[in-house]
Amino acid sequence: MIPAPFEYVRVETAEGALAELAEHGDEAKLLAGGMSLLPLMKLRLAVPSVLVDVARVRELAGARVEGDELVVGALTRHHDLHHDELVRRECGVLAAVAGEVGDPQVRHRGTIGGSVAHGDPASDLPAVLVALDATVVVEGPRGRREIAAPAFFLGFLETAIEDDELLVEVRFPRSGPAGFDFRKFRRRAQDWAIVGALAARVADGTRVALVNMGSAPLRARGVEEALAAGAEIDDAAARAAEGADPPSDLHATPEFRAHLARVLVARALAAAS
Amino acid sequence: MELTVTVNGRAHRGDVEPRLLLVQFLRDELGLTGTKIGCDTSSCGACTVLLDGESVKSCTLLAVQADGHDLTTIEGLAAGGVMTPVQAAFHEDHGLQCGFCTAGMVIAATSLVAEGLAGDEDAVRRGLEGNLCRCTGYHNIVRAVLDAAGTS
């Protein structure tokens, strides 16, 4: 399978990327690792006329601590996120989930910015963003915008980034090295999650997020409320599918997904506590 | 678009369409057909090559993305006809059946061992999750990787 023809432009700086976006508008797509975009282009579900390769924009790679936040550059690869000692110490859940994305080859190429900007509700990292109330930072001709994770993911492959904006970093609260669990149900080793569940203990309670239980990554608020009110894990997890709108496809019915969510949340909560 | 890549230690220049996939460049332009096209959807791992020493799926990479980088295919592993430890272990442990996945498996295993991520059987099985063997010959493949890593 071969993508439709396109013009290829490589940029070395964020400024250069923004200039290309300003020139080409919605005809252009940004290419980082390409792990989400290239498969879509090969299937011709995406047919951009200009591909702006940002993979070599070094200023956007790597993680650092700023105050009470861990700041992760958009071009940080899943492999580096998973193995970075700083990330493991300051936001262990992020490092752990990064190690569950795809497979080693995908993690050698794929980036957090690419995964987040793609907005696929079946992908793993967005669950960390919504669970921890992370902030997505984008830059564009109207300046810099900080968008809270829940407001960032609008729907299936739809995010709050405008066509002329560039995702530059994601800011996570420093949640520490432990107290979390992430698990997903899938048929084969490197498949997308049919359903995924993340539990993370934070200073003010326990956060629970779901993968592939709707058109965007979700918080299982019912579970969180039940836990805050002192419910046992199994009773709290029984509320995992409340408010979710699980998709129906050849892998699972909505009812089966709701069942999976309850089971996975219970197991994740037990492992995280 | 012009590109320069080092493949198996040799510099190559090419003038390619931006949409040319890396696996097509390797197989069709350079004649390195040891790298296989399996699923063509970045699932099976048959097309795995090393990019700057790290495993990547060459069916989901544009040739132009590899511009300026160092690539190693299965043809580039055995220097002077001497097999690498991973290749020798696949041979010794019969880590293949039909052989179609083997180039990708050996390359993926080479990356895994080099990264020090082949510490035990579980790590190896997880580390090879991006490579499918349609003969289901995983036992001997895992054994070979553990032997090559010295962790069996």
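Analyst: Start with a rule: two strands pair if DSSP finds at least two bridges between them. The model here is predicted. Take chain B. Strands β1 (residues 2–7) and β5 (residues 70–72) of chain B run parallel and are joined by two bridges. Within β5(B), Leu71(B) is the bridge partner of Val7(B).

User: Which strands make up the open sheet of chain B, and in what order?

Analyst: Read the order across the sheet. There are five strands, β2-β1-β5-β3-β4 of chain B, and the pairing is mixed. Then look for the edges. Strands β2 (10–15) and β4 of chain B each pair on one side only, as edge strands do. From one strand to the next, the twist averages 40°.

User: Which strands of that sheet does α3(B) touch?

Analyst: α3(B) packs on the sheet against β3 (48–51) and β4 of chain B. Its direction makes about 35° with that of β3(B).

User: On to the interface. How many residues of chain B are in contact with chain A?

Analyst: In general, interface size is often given as the accessible area lost when the parts come together. Here we count contacts instead. On chain B there are 24 residues, in contact with 21 residues of chain A. Two elements of chain B, β4 (54–57) and α3 (102–114), each supply at least two residues of the side that touches chain A. β4(B) gives the most, with four residues. By class, this side of chain B has eleven polar, eight nonpolar and five charged residues.

User: What is the order of the open sheet in chain A?

Analyst: Four strands, β11-β12-β13-β14 of chain A, with antiparallel pairing. The edges are β11 (180–185) and β14 (218–219) of chain A, each pairing on one side only. β12 (residues 195–202) and β13 of chain A are joined in the antiparallel sense by seven bridges.

User: Now a single helix. Which residues of α10 in chain A are buried?

Analyst: The general idea comes first. An α-helix has 3.6 residues a turn, so residues three or four places apart point the same way. In α10 (residues 221–228) of chain A, the buried residues are Val223(A), Ala226(A) and Leu227(A). Seen down the axis of α10(A), they fall within an arc of 100°, so they line one face of the helix. Their cover includes β13 (205–211), α11 (233–237) and α12 (254–272) of chain A. After α10(A) comes Gly230(A), with a positive phi near 95°.

User: Which residues have the most contacts inside the largest nonpolar core?

Analyst: That core has 91 residues, and Val195(A), Leu198(A) and Val265(A) have the most contacts inside it. α12(A) gives the most to this core, with eight residues. Leu198(A) is then in contact with residues including Val97(A), Ala127(A), Val128(A), Ala131(A), Phe182(A), Val208(A) and Ala268(A).

User: How many residues has the other core that lies apart from it?

Analyst: It has 49 residues, among them Leu3(B), Leu32(B), Leu61(B) and Ala149(B).

Terms used. Residues are numbered from 1 along each chain as its sequence is written. Chains are lettered from A and ligands numbered from 1 in the order in which they are written. This is a predicted model: local features need pLDDT of at least 70, side-chain atom pairs count only at pLDDT 80 or more; totals for chains, interfaces and linings use all residues. Two residues are in contact if their C-beta atoms, placed from the backbone, lie within 7 Å. Ala, Val, Leu, Ile, Met, Phe, Trp, Tyr, Cys and Pro count as nonpolar, Asp, Glu, Lys and Arg as charged, and the others, Gly among them, as polar. A residue is buried if 20 or more other C-beta atoms lie within 10 Å of its own, exposed if 12 or fewer, and partly exposed in between; C-beta atoms are placed from the backbone. The arc is that of the directions from the helix axis to the C-beta atoms. A nonpolar core is a set of buried Ala, Val, Leu, Ile, Met, Phe, Trp, Tyr and Cys residues joined through C-beta atoms within 7 Å. Axes are lines fitted to C-alpha atoms, for helices over the stretch in contact, and angles run from 0 to 180 degrees between N-to-C directions.
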